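Here is a short report on one chain. Keep the sequence and the 3D view open while reading.

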Amino acid sequence: MNSDRQYPSSIEIPEINRYIQQAYTRFAQGDIEGAIAHFHAAIFLHPNCAELYTARAQFRKKNLGDYHGALEDYTQAIYINPRNAFYYYWRSQTYQELGNQQKAIEDYNTAMNLAPEGTIYHIF
């Protein structure tokens, strides 16, 4: 892991959460472009915040059906924080939904190896 990467401070977390909330508010109002713009703005300001990439990935997947965009975001989150089991787990689910069982299993196995025992359920 690159030592010059920055993670959000406790001061930045409320700002990051505000961007995510604003994105979902825009989406609820029917403003999809505005929702994505809030995610983009947050990532522009905090490009090393893996949580923003996973939030945008989940938004893209759940609300837009953009599985490939979600994969890109999960991959970036993993690049930033390769020790987070959940990022691999979420990406494995996306691969599975796209029918790529091999990559799904690879990511799932990585998640299982990283996660403390009993924290991720066996679903395959």
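## Model and confidence

This is a predicted model, in which local features need pLDDT of at least 70, side-chain atom pairs count only at pLDDT 80 or more, and totals for chains, interfaces and linings use all residues. Residues are numbered from 1 along each chain as its sequence is written, and side-chain values use heavy atoms, with hydrogens and water left out.

The predictor's confidence in each residue is given as pLDDT, from 0 to 100. The chain has a mean pLDDT of 87. In all, 85% of its residues reach 70 or more. Helix H1 (residues 12–28) has the lowest confidence, at a mean of 87, and helix H4 (residues 67–80) the highest, at 97. Over residues 1–6, pLDDT stays under 50. The model has six contacts (heavy atoms within 4.5 Å) for that stretch beyond four places in sequence. Where pLDDT is low, predicted coordinates should not be read in detail.

## Overall fold

The chain has six helices and zero strands. Both are DSSP runs numbered from the N terminus: helices are H or I with at least four residues, strands are E with at least two. Along the sequence the pattern is α-α-α-α-α-α.

Of the 124 residues in the chain, 39% are buried. Buried means under 20% relative accessible area, exposed means over 50%, and partly exposed lies in between (1.4 Å probe, protein chains only). Among contacts with a separation of 6 or more, 47% join residues 24 or more positions apart.

## The nonpolar core

A nonpolar core is a set of buried Ala, Val, Leu, Ile, Met, Phe, Trp, Tyr and Cys residues joined through side-chain atoms within 4.5 Å. The largest one here has 25 residues. Ile 20, Phe 39 and Leu 52 have the most contacts inside it. H1, helix H2 (32–45), H3, H4, H5 and helix H6 (101–114) each give two or more residues to this core.

What does Ile 20 touch, not counting residues up to four places away in sequence? Its partners are Phe 39, Leu 52 and Ala 55.

## Helix H4

H4 has 14 residues. From first C-alpha to last it reaches 20 Å, close to the 20 Å expected at 1.5 Å a residue. That expected span is 1.5 Å times one less than the number of residues.

The buried residues in H4 include Gly 69, Leu 71, Tyr 74 and Ile 78. Helix H3 (50–64) and helix H5 (85–97) are among what covers the buried residues of H4. At the start of H4, a side-chain oxygen of Asp 66 comes to within 2.8 Å of the backbone nitrogen of Gly 69.

## Salt bridges

A salt bridge is a side-chain nitrogen of Lys or Arg within 4 Å of a carboxyl oxygen of Asp or Glu. By this rule there are six. One joins Arg 26 and Asp 31 (2.9 Å, N to O). Arg 26 is partly exposed, at 33% relative accessible area, and Asp 31 is partly exposed at 27%.

Arg 60 pairs with Asp 66 in a salt bridge, with the closest N and O atoms 3.7 Å apart. Arg 60 is buried at 13% relative accessibility, whereas Asp 66 is partly exposed at 29%. Arg 60 also forms a salt bridge with Asp 73 (3.2 Å, N to O). Arg 60 lies in helix H3 and Asp 73 in helix H4, so this pair ties together parts 13 residues apart in sequence. Both Arg 60 and Asp 73 are buried. Through shared partners, salt bridges join Arg 56, Arg 60, Asp 66 and Asp 73 into one network.

Definitions and conventions: A polar contact is a pair of N or O atoms within 3.5 Å; within protein, one must be able to donate a hydrogen and the other to accept it, and residues adjacent in sequence count only if both atoms are side-chain atoms.
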